[in-house]
Amino acid sequence: MNAIDPPWTTLVDAASLAAALAAALAAAAPRLLDARATASTAPRLVDARFSLADPQSGAAQYAAGHLPGAVYADLNRDLSDLSRQGHGRHPLPDSDAFAATLGRWGIGPDTQVVVYDAGDGSMAAARLWWLLRLIGHRRVAVLDGGLAAWQAAAQPVVADPPQVQALPPYPGRFDLAQVADADEIAARLGQAPGWLIDARAGERYRGEVEPLDRVAGHVPGALNRPFALNLRDGRFRPAAELRAELQPLLGAHAPGDAVVMCGSGVTACHLALAFEVAGLGGVRVFADSWSGWSSDPSRPVERS
């Protein structure tokens, strides 16, 4: 039985995580093993630090110091399949390949997973949170405030790689009903506002600047909710505050009818997590997002 009951499914704070790791270490001490990495009651920690400007920096930072027992997830290699064409800058990984990756990390159906990045969860901890939910795993949470919050709480980091007992591939497949594709987006362009919400910064949404993709602007009719508005001092704002701001964006749409997007399907997952924290779970993700949509010149673009 997993020691964390009820499971963490959205966010976990540094103090709670530290207490769970300490309890697992104490329980496993007689076995003289790295309990943080191997004990069945310990959360599996995954470091998802990544930089779009320097894709190698996340792995280098992990090697220099990470939470005890954490494995490393690379956004480009583990959380995307860059060989897929026409699906934006970070296409979804193959479901079977992702299941095998989870097995190598020692993640099974009963494993409590905690994902973190350098700070606010937007690069790319929330992406892994969403991918795990997509494959059917519910025991997954993002460390609120990430490594910065962990270190601010005077908790340790280590440089040694963890000892991980690999498992068979995760017994699940992506539920693609949770994923919106470009055809669906095109078919819904005439619907009332609130069904599509863009998590990019306002200047990119409005088309004033575009540092990454071939065309500036947004999908016609999409509303803008920059993911940074979900945060205060690098951590998620309280659920009630998020709900008060996110609920009106939906208009007459139920959360399950809404789709979130961003530049390449990464910070959209941060917005999906914010909806979940707010008690408005069920929003879907346009995985191709703006980079995929704008790659086809026949698709309409709006600037405002």
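Accessible areas here come from the Shrake-Rupley method with a 1.4 Å probe, and for residues only the protein chains shown count as cover. On that basis the chain exposes about 12300 Å², with carbon and sulfur atoms supplying 54% of it. The structure is a predicted model, in which local features need pLDDT of at least 70 and side-chain atom pairs count only at pLDDT 80 or more, while totals for chains, interfaces and linings use all residues. Residues are numbered from 1 along each chain as its sequence is written, and side-chain values use heavy atoms, leaving out hydrogens and water.

To turn to the overall form, the C-alpha trace spans about 65 × 40 × 30 Å along its principal axes. Of the 304 residues, 54% count as buried (under 20% relative accessible area; exposed is over 50%, and partly exposed lies in between, with a 1.4 Å probe and protein chains only).

Salt bridges (a side-chain nitrogen of Lys or Arg within 4 Å of a carboxyl oxygen of Asp or Glu) number 17. One of them joins Arg49 to Asp47, with N and O 2.6 Å apart. Arg49 is buried at a relative accessible area of 5%, and Asp47 is buried too, at 0%. Another pairs Arg188 with Glu184, whose closest N and O atoms are 3.0 Å apart; both residues are buried.

The bridge between Glu208 and Arg206 has its closest N and O atoms 2.6 Å apart. Here Glu208 is exposed, with a relative accessible area of 52%, whereas Arg206 is partly exposed at 32%. Elsewhere, salt bridges with shared partners link Arg89, Asp198, Arg200, Arg204, Glu210 and Asp213 into one network.
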